[in-house]
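User: I am new to this structure. Please walk me through it in short questions and answers.

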Amino acid sequence: MQKVILDANVIVSGLIKKGFPFRILNLYFEREFELCLSENLMNEYIEVLNRDKFSRFQDFRAKADTVISDINTTASHYSPKKKVK
């Protein structure tokens, strides 16, 4: 299975509108790839998805909570040994 790292913006876009990011998010939920992340990336997902500016989109918070919960329990967590600038 292919291992993938998703930028937080892909998740946000996938929750807001249809299109390629939405399709990527659906592929994740269908377990078509393995999502990989670090603790720092998970914290970024949480911070970005909880921004007030997204509350104007219908059900965004509920969808974001579902995504965060799923990612936290099913994604592969890694601890990078090197920090890249």
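Predicted model: local features only at pLDDT ≥ 70, side-chain atom pairs only at ≥ 80, totals over all residues.

Analyst: Residues are numbered from 1 along each chain as its sequence is written, and side-chain values use heavy atoms, with hydrogens and water left out.

User: In β2, which residue is the bridge partner of lysine 3?

Analyst: Helices (H or I, at least four residues) and strands (E, at least two) are DSSP runs, numbered from the N terminus. Strands pair if DSSP finds at least two bridges between them. Strand β1 (residues 3–4) and β2 run parallel, joined by two bridges. The β2 partner of lysine 3 is glutamate 34.

User: In β3, which residue is the bridge partner of leucine 37?

Analyst: β2 and β3 run parallel, and three bridges join them. Leucine 37 has as its bridge partner in β3 histidine 77.

User: Is serine 76 buried or exposed?

Analyst: Serine 76 sits in strand β3 (residues 76–78). Beyond its neighbours within four places in sequence, serine 76 is in contact (heavy atoms within 4.5 Å) with Glu34, Leu35, Cys36 and Leu37. Buried means under 20% relative accessible area, exposed over 50%, and partly exposed in between (1.4 Å probe, protein chains only). Serine 76 has a relative accessible area of 19%, so it is buried.

User: How many residues of β2 are buried?

Analyst: β2 is mostly covered. Of its five residues, the buried ones number four.

User: How many residues does the largest nonpolar core have?

Analyst: A nonpolar core is a set of buried Ala, Val, Leu, Ile, Met, Phe, Trp, Tyr and Cys residues joined through side-chain atoms within 4.5 Å. In the largest one, the residues with the most contacts inside it are Leu6, Ile11, Leu15, Leu35, Tyr45, Leu49 and Ile71. At least two residues of this core come from each of α1 (8–16), α2 (20–29), β2 (34–38), α3 (39–49) and α4 (60–74). The core's residue count is 24.

User: Why does leucine 6 count as buried?

Analyst: Leucine 6 lies in the loop between β1 and α1. Not counting residues up to four places away in sequence, leucine 6 touches Ile11, Ile24, Phe33, Leu35, Leu41 and Tyr45. Leucine 6 counts as buried because its relative accessibility is 7%.

User: How are α1 and α4 set relative to each other: roughly parallel, roughly perpendicular or oblique?

Analyst: Ile11, Val12, Leu15 and Ile16 in α1 meet Phe60, Lys63, Ala64, Val67 and Ile71 in α4. The two helices pack at an angle of about 135°, with axes 10 Å apart; axes are lines fitted to C-alpha atoms, for helices over the stretch in contact, and angles run from 0 to 180 degrees between N-to-C directions. Angles under 35 degrees count as roughly parallel, over 145 as roughly antiparallel, 65 to 115 as roughly perpendicular and the rest as oblique. Therefore α1 and α4 are oblique.

User: What is the phi of arginine 31?

Analyst: Most residues other than glycine have a negative phi. Arginine 31, in the loop between α2 and β2, is partly exposed at 33% relative accessible area. Though not a glycine, arginine 31 has a positive phi of about 60°.

User: Where is aspartate 59 found?

Analyst: Aspartate 59 also has a positive phi, near 60°. At 48% relative accessibility, aspartate 59 is partly exposed. Its place is the loop between α3 and α4.
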